[in-house]
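User: I have a model open here and would like to go through its architecture with you. Could you start with whatever I need to know to read the strand pairing?

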Amino acid sequence: MPQPEKDSVSISFVHEALEGLRARGIGAGEVLATAGIPEGLLEADQARVSAERFSALWLAVAAVLDDEFFGLDARRMKVGTFATLTYFTIGAKTLRGALQRAIRLFDIVLDDTRIGLGEDAAHAWLDLGPSAAGRPLRPFAHETLLVLLHGLMCWLIGRRIPIIQADFAYARPARWREYSVMYSPQLRFDQPQTRIRFDVEFLDAPVAQDERGAREFLHEAPYNIVLKYKDTHSWSARVRQVLRDEDPQAWPAFDDLAQRLGATVSVLRRGLEREGSSFRAIKDALRRDMAIERLSHSSLPVPAIAQAVGFTEPSAFHRAFKQWTGVRPGEYRRRHAA
């Protein structure tokens, strides 16, 4: 039967989200339990959690710290700030006006962080970094603000805004591969400024939301912010859609897939490469997340899960799962059940 896509994030983001608690001497056990994340998973460097669980963790940490920014700034971004930002921005006529309002509010709320908006004839960009008197920002602060801002931007105009290029003012982190999904396949590190660049025409897009839409948006936040708006017309998204609609054991070969998508093999391969992806990477990600979902929320034996996600040999599934997450399937399930 077709399987829903289960988005997931690296366990390294969970560690980052908990750092604000640890810095204040607050234990993470209760917060992890509230979010439904087994504490044992923290020991596996390559483990992953669902976007839904990470979103629950974001809310749980914010509730404990009264800070929706994980304690990353000298001044707390108190609970309710993002809701205020949402209602403040829907009053603008265009995305440009909404971003100007968002920047104004962040300038009031945060001490250490500076956000800027720029544009030329072809591109617009958002810059972020420490304020003149602020502390140097941790990479997680850059990551969190970009996810917040880009998610809000996409929602305001009702469609995904492709990021043409993303620059980061720090060295390439170990989790840098996550960035191609979070931001853009075009990434640069060790740059003078953290910046996301997009088509300037989006700045003139009308704000398409109202108060009712804002209430619905906030009811789903931050899950919808973590996921943002997916580009359903990209080659990667079209490949995922075909694979999600079929049993993994019946997934088509690459040439058959290209034919079904109305493309030649070379066109599809180059298209995926431009998006920083590949047929194998998409299959692996789908299988990984399907397996994590079943290990975490079903009592199916591991061999049955291996078969369900497209492996004919359980041993091959064990090897692949350890490569994906750093632990064997049985150990992953035990840690989750703990």
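Analyst: Two strands count as paired if DSSP finds at least two bridges between them. This is a predicted model, and with that pairing rule in mind, E119 stands opposite A124 in β4.

User: Which strand pairs with β4 over seven bridges, and in what sense?

Analyst: That strand is β3, which pairs with β4 (residues 123–130) in the antiparallel sense over seven bridges.

User: And what is the strand order in the sheet as a whole?

Analyst: The sheet is open and has five strands, in the order β3-β4-β7-β5-β6, with mixed pairing. At its edges stand β3 (113–119) and β6 (187–188), and since each has a single partner strand, one side of each is left without a neighbour in the sheet.

User: Which helices lie across β3, β4 and β7?

Analyst: Helix α5 (residues 95–109) lies across β3, β4 and β7 (194–199), and it runs at about 160° to β3. Helix α6 (residues 139–157) also lies across β3, β4 and β7, running at about 145° to β4.

User: Switching to helix pairs, how do α1 and α3 pack?

Analyst: Helix α1 (residues 11–23) and helix α3 (residues 51–65) pack at an angle of about 5°, and their axes are 10 Å apart. Angles under 35 degrees count as roughly parallel, so α1 is roughly parallel to α3.

User: What residues meet there?

Analyst: From α1 there are F13, V14, A17, L18, G20 and L21, and these meet F54, L57, V61, V64 and L65 in α3. Sorted by class, the contact of α1 with α3 has 10 nonpolar residues, one polar residue and no charged residues.

User: What about α10 and α12, at what angle do they pack?

Analyst: Helix α10 (residues 235–244) and helix α12 (residues 265–274) pack at an angle of about 115°, with the two axes 8 Å apart, and the pair is therefore roughly perpendicular. On the α10 side the contact is made by W235, S236 and V239, and on the α12 side by V267, L268, G271, L272 and R274. By class, that contact of α10 with α12 has five nonpolar, two polar and one charged residues.

User: Which residues of α12 are buried, and what covers them?

Analyst: The buried residues of α12 are L268, G271 and L272. They cover an arc of only 95° around the axis, which puts them on the same side of α12. What covers them includes α10, α11 (254–260) and α13 (279–297), while the face of α12 turned away from the buried side carries the exposed residues E273 and R274.

User: How are the buried residues of α8 arranged around its axis?

Analyst: In helix α8 (residues 211–220) the buried residues are G213, A214 and F217. Viewed down the axis of α8, they fall within an arc of 100°, so they line one face of the helix. E211, R212 and H219, on the other side of α8, are exposed.

Terms used:
Residues numbered from 1 in each chain as written. Predicted model: local features only at pLDDT ≥ 70, side-chain atom pairs only at ≥ 80, totals over all residues. Heavy atoms only, no water. Helix = DSSP H or I, 4+ residues; strand = E, 2+ residues; numbered from the N terminus. Contact = heavy atoms within 4.5 Å. Axes fitted to C-alpha atoms, helices over the stretch in contact; angles between N-to-C directions. Parallel < 35°, antiparallel > 145°, perpendicular 65-115°, else oblique. Nonpolar A, V, L, I, M, F, W, Y, C, P; charged D, E, K, R; others polar. Buried < 20%, exposed > 50% of the residue type's maximum accessible area, 1.4 Å probe, protein only. Arc of directions from axis to C-beta.
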